[in-house]
Amino acid sequence: MSGNVAFDATDIVLSIVKIAVILLLWLNVTPIMVWVERRGSALIQDRPGPNRVGPLGLLQSFADALKFILKEDIIPAQAHKWLYTLAPAFGLLPALTTIAVVPWGRAFVIPEMHLFGRTLFEGGRIFNPIIADVSAGILVIFALASLGVYGITIAGWSSANKYSMFGAIRASAQMISYELSLTLAAVSVLLVAGSLRLTEVVAQQTNYYYVLFDIVKIPAWNVLSPAMWLSFIIFFVSAFAETNRLPFDFAEAEAELVAGYHTEYSSMKFALFFMAEYMAMATMSAVITTLYLGGWDIPYYNEPATFLGFLLSFLAFMAKVGFLMFIFVWVRWTIPRLKYDILMRIGWKFFLPLAILNIVIVAAFIAGGWI
Amino acid sequence: MEFAIFFLFAAIAVIFALVVVLHRNPVVGALSLVASFFALAVMYVLLEAPFLAALQVIVYAGAIMVLFLFVIMLLNLSHAPEAPTRPVQQFLGYTASAAFGIGLVYYIAKYAVSTTTEGFFQADAHTIGVRMFEAYVFPFEMVSILLLAAIVGALYLSGRALPRPAATASQPGDEVSK
């Protein structure tokens, strides 16, 4: 926390700018990803998909949003009114706030400017493209992710519907199971970086390794290091379970539970759950990018500490996040839903021991000086 | 600024703690406890201990309370509006807890507040880790053994294959729910 650092009006304005940029980006993730999902599924299933509204159906999501606003907002008579209304907000909040501790570009120096007879950014000011660079960065992510289950649980319970209830119970059991593997898999990344701060996790990955008798130079991205492969696979698969995406979408499971926890929801309340799902997906992709794919690092290119360098690194970050989100969509339309007992078995008997074993492996690599 | 944030979140913590005690619906109670824990985590941030704040949310708000809520929902606990049948016990209970509360506030006001040393203290992950594995390694390991014993006990109780007495015997959950 920046308790003893001078914090003036310029910093406040910069913070607001950062929050505005990220908020705008993340709010727009949903319509874009819905389009990608629908067109992507159509591509995979060899059908046209939405193609009526706008070119390539690009405006379909906006038409959907308009439709959501116009729909009747129904609250079931038996529902717990307060919690039923609060649940979508509970679901959206963690997805929207987690991104605050993820760095999304290279820090750069804003040069001194003279505008309207005033001196702005006196002596140059460092712009760090992260909303909150807290020392417990990764823990904040897990803390907020662990709160994500409440939105689903409260929604399921307060709807007074058996299907919703089943969805909620499944979701809470699933999410607390996979949270363990997720956290333990991330420990190996923290061991290598030697810090909980995500800016330092990324900074460590901007280095290079020399392999094959010091001939080949590869970026020190965690995903490229053999010691991290196990951890990456566990984290990536657990991320699907944490975001309730297929093949782990037991909270919804439309073939079994109508629509699971949001069966009773309509109008904008349902739209909020929809947004929460895609934002959680985007946030999870950003976290995976930061932990394993080198964050904003462009391989074999030393980004200058200028606005151009920041812009390039930001685009690299968004490209990686976008690629991961496409994989989320790809997997959804490729792999069918698992059985519930298999899901639990994978989580507890397979991933958890492997994640613990992986910590030992990575620790051995570090002790041996191979990382 | 810090002053205002402290009192805002202190008020939130106290109000939600009161809701936990006073509200009849157990699900609302559990969720209020989550809110109270979250407000408590803000206190840790104000004390410049974000590590503890994150742990507070992960362990209490994120893990323990989810399990509480899970059990409450699974058993579908409903409040049993009992008529106050034992006025003497009720009176004694209120008196005793009021006396305890007054004593607690008195001693905290007298000793705890005045003796806290002002100044910088470290509560980051590194310091806590070193302390835990050097100075406090024995209590730390003892706690882990205690937790292990609890896990083994729970596994034994839930997993033993005893012949059930008869089909009429109720499950443990039934008497709780009704």
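In chain B, the C-alpha centres of domain 1 and domain 2 lie 23 Å apart. Domain 1 covers 1–77 and domain 2 covers 124–160, with bounds that come from an automatic or database domain assignment.

Please note that this is a predicted model, in which local features need pLDDT of at least 70 and side-chain atom pairs count only at pLDDT 80 or more, while totals for chains, interfaces and linings use all residues. Residues are numbered from 1 along each chain as its sequence is written, and chains are lettered from A and ligands numbered from 1 in the order in which they are written.

I turn to confidence. For the complex, the predictor gives an ipTM of 0.77 and a pTM of 0.82. Chain B has a mean pLDDT (the predictor's confidence in each residue, from 0 to 100) of 79, with 78% of its residues at 70 or more. Within chain B, confidence is highest in helix α6 (residues 137–159), at a mean of 89, and lowest in helix α7 (residues 172–177), at 44. Helices here are DSSP runs of H or I, at least four residues, numbered from the N terminus.

Now to chain A. Helix α5(A), residues 162–193, spans 46 Å from its first C-alpha to its last, close to the 46 Å expected at 1.5 Å a residue, that is, 1.5 Å times one less than its number of residues. Of its 32 residues, 24 are buried (20 or more other C-beta atoms within 10 Å of the residue's own, C-beta atoms being placed from the backbone; exposed means 12 or fewer, partly exposed in between). A:Gly194 follows α5(A) and has a positive phi, near 70°.

Finally, A:Leu24 is located in helix α1 of chain A. A:Leu24 counts as exposed because it has 9 C-beta neighbours inside 10 Å.

How values were computed. Helices (H or I, at least four residues) and strands (E, at least two) are DSSP runs, numbered from the N terminus.
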